[in-house]
Amino acid sequence: MLGQGLGGFMGVEEQRGISRTTPSVRTVVRGTRARSLPNELVTWAGRQSVRVVTRSSASTAIAAARDTNAALLILDTGLVDDDAGAFELLLMNAQLSGAVLCLGATRCRASFLCHGADVFVSNRASLSELVAQATRLLDAAKEPLLGESGLRRPARTILEMGPLVIELIHRRVFVRDQAVKLRPAEFEVLVYLALNRHRVVSAPEIVRDALDTFGDGSSARNQLFELRRKLREAGLDDAIATERGRGYRLVL
């Protein structure tokens, strides 16, 4: 794990040579008090562009991201005690130009997405999911995240996909302005599918990362059955596609 052998990574003095005007697309900064960064992710990011912040507070990790002009900050929400409001304040003060990927408990997903995270990944997610999300953010690194005022762009509080609207703060769902009443678990599954609509997600993955529980996928299939039924009743047919042997995908 990453806590071993940090001497081989680029130090603070070396990082100062990185341009502040153009983000270093292969820079990853992360506080690792709650969980070590996998060696595989370090290799993926590139050993010569990784600045690691260990046993740090969120403010230290975010400051390091600003200091190195990182294109991507990967941060455990446990470093801010799951306090999304405090996290948003830190981001506003830092005025980061890069993207922010948060790791944490699924119960914190909507709150942190509403308070400045660009992507939220369950702390039980697989390495492949973490790398896929990080790669997607880095691929979009040229998109400006700061407005003319110098403040970070507003966090997403609403997900819109054609006729489907998901309000993260109020936990409400609408199809063509018609409210769809979902149970908490169904809402979490729908949000997870919406946030990962660029790929197919498996039933065990939904159980682990959306429902934050254990199982072989049967509970996910039960939630998907009810979710499809309610969306269909609201006039949204075939919104969730099944790819046999692989999983599910929101196709709006």
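1. Start with Gln223. Leaving aside residues up to four places away in sequence, Gln223 touches Arg183, Ala185, Glu186, Val189 and Leu211. Contact here means heavy atoms within 4.5 Å. Gln223 lies in helix α9. Gln223 counts as buried because its relative accessible area is 15%. The cut-offs are these: buried is under 20% relative accessible area, exposed is over 50%, and partly exposed is in between, with a 1.4 Å probe and protein chains only.

2. A word on the model and its numbering. This is a predicted model, in which local features need pLDDT of at least 70 and side-chain atom pairs count only at pLDDT 80 or more, while totals for chains, interfaces and linings use all residues. Residues are numbered from 1 along each chain as its sequence is written, and side-chain values use heavy atoms, with hydrogens and water left out.

3. Now the overall make-up. The chain has nine helices and ten strands. Both are DSSP runs numbered from the N terminus: helices are H or I with at least four residues, strands are E with at least two. Of the chain's 252 residues, 49% count as buried. Take the contacts in the chain with a separation of 6 or more: 61% of them are between residues 24 or more positions apart.

4. Next, the interior. In soluble globular proteins, nonpolar side chains tend to be buried together. A nonpolar core is a set of buried Ala, Val, Leu, Ile, Met, Phe, Trp, Tyr and Cys residues joined through side-chain atoms within 4.5 Å. The largest such core has 55 residues. Phe87, Phe112, Leu164, Ile166, Leu193, Ile206 and Leu250 touch the most other members. Helix α7 (residues 184-195) gives this core its largest share, eight residues. Another core, of 13 residues, lies apart from it, with Ile74, Val121, Ala125 and Ala134 among its members.

5. Phe112 deserves a look of its own. Not counting residues up to four places away in sequence, Phe112 touches Thr77, Val80, Asp82, Asp83, Ala84, Phe87, Cys102, Ala117 and Phe120.

6. Two strands pair if DSSP finds at least two bridges between them. Strand β6 (residues 164-167) and strand β7 (residues 172-175) are joined by four bridges and run antiparallel. Glu167 stands opposite Arg172 in β7.

7. Elsewhere, strand β3 (residues 99-104) and β4 are joined by four bridges and run parallel. Leu103 stands opposite Val121 in β4. From strand β4 (residues 119-122), Val119 and Val121 point one way and Phe120 and Ser122 the other, and all are buried.

8. Helix α6 (residues 127-139) has 13 residues. From its first C-alpha to its last, α6 reaches 18 Å, close to the 18 Å expected at 1.5 Å a residue. That expected span is 1.5 Å times one less than the number of residues. The buried residues of α6 include Glu129, Leu130, Gln133 and Leu138.

9. Which charged side chains meet? The structure holds ten salt bridges. A salt bridge is a side-chain nitrogen of Lys or Arg within 4 Å of a carboxyl oxygen of Asp or Glu. Glu186 and Arg183 form one through their side chains (2.9 Å, N to O). Glu186 counts as buried because its relative accessibility is 0%; Arg183, at 45%, counts as partly exposed.

10. Arg229 and Glu233 form another (3.0 Å, N to O). Both lie in helix α9 (residues 218-233), four residues apart, about one turn of the helix. Arg229 is partly exposed at 29% relative accessibility, and Glu233 is exposed at 57%.

11. The side chains of Arg246 and Glu243 also meet in a salt bridge (2.8 Å, N to O). Arg246 is exposed, with a relative accessible area of 54%. Glu243 is partly exposed at 28%. Arg109, Arg171 and Glu188 are linked in a network of salt bridges.
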